[in-house]
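This report concerns a single chain and its three-dimensional model. The text should be read alongside the sequence and the coordinates.

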Amino acid sequence: MASEGTEAPPSGPAPTEVINSIRERTIAENSMVVLLQGLQGQVTTVDLRNEGTARGRVVNVDAFMNIRLEDVLYRDRRGQLTKLQDLFITGRNIRYVHIPDHVDIMKTIEGQLAKIHRVRNFAKEGGGRKEYSKKTN
């Protein structure tokens, strides 16, 4: 596996993460999972509890630290390499996630928190559904 420092940042904009439930937004907002959510589109390595590793591009991270990777190179505990198109890793099976060297941790966290707050405050700014708004007579 190549080292994290050799990866270039993605050329296009990272896909935007939309957290659907209030519970997930609250969990993400109050934990470091926002940093992992900010890694969408980045190539990273995930060390697993079973002593295996998976290296691939982060597609999605939910509030429970479940991670979906694509174009994965999986190395099992015996060192056997397997190339996978897609891999879903449950949060309970993750030991460690490598943060690429070029990622600014503070900017990533602040950006993800801004996205969460933008979704949370959407209804207050006149957005959202109108059919249940109060009548002013």
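## Core and strand pairing

Beyond its neighbours within four places in sequence, isoleucine 67 is in contact with Val46, Asn60, Val61, Leu87, Phe88, Ile89, Ile94 and Val97, contact meaning heavy atoms within 4.5 Å. This is a predicted model, in which local features need pLDDT of at least 70, side-chain atom pairs count only at pLDDT 80 or more, and totals for chains, interfaces and linings use all residues. Residues are numbered from 1 along each chain as its sequence is written, and side-chain values use heavy atoms, with hydrogens and water left out.

Ile67 is among the residues with the most contacts inside the largest nonpolar core, together with Val46, Ala54, Leu69, Ile89 and Val97; this core has 23 residues. Two or more residues are given to this core by each of helix 2, strand 1, strand 2 (53-61), strand 3, strand 4, strand 5 and helix 3. A nonpolar core is a set of buried Ala, Val, Leu, Ile, Met, Phe, Trp, Tyr and Cys residues joined through side-chain atoms within 4.5 Å. Helices (H or I, at least four residues) and strands (E, at least two) are DSSP runs, numbered from the N terminus.

Strand 3 (residues 67-75) and strand 4 (residues 81-89) run antiparallel and are joined by eight bridges; strands pair if DSSP finds at least two bridges between them. Leucine 69 has leucine 87 of strand 4 as its bridge partner. The two strands form a hairpin with five residues between them, and glycine 79 in the turn has a positive phi of about 95°.

Glycine 91 lies in the loop between strand 4 and strand 5 (94-97). Its C-alpha atom is 4.4 Å from that of asparagine 66, 25 residues apart along the chain. Threonine 108 belongs to helix 3 (residues 105-120) and, leaving aside neighbours within four places in sequence, is in contact with Leu35, Gly38 and Val103. Glutamine 40 sits in the loop between helix 2 (33-37) and strand 1 (43-48), and its side chain reaches the backbone oxygen of valine 59 at 3.2 Å.

## Confidence

The chain averages a pLDDT of 80, and 72% of the residues score at least 70; pLDDT is the predictor's confidence in each residue, from 0 to 100. Over residues 1-17, pLDDT stays under 50. Where pLDDT is low, the predicted coordinates should not be read in detail.

How values were computed: Polar contact = N/O pair within 3.5 Å; in protein donor to acceptor, adjacent residues only side chain to side chain. Buried < 20%, exposed > 50% of the residue type's maximum accessible area, 1.4 Å probe, protein only.
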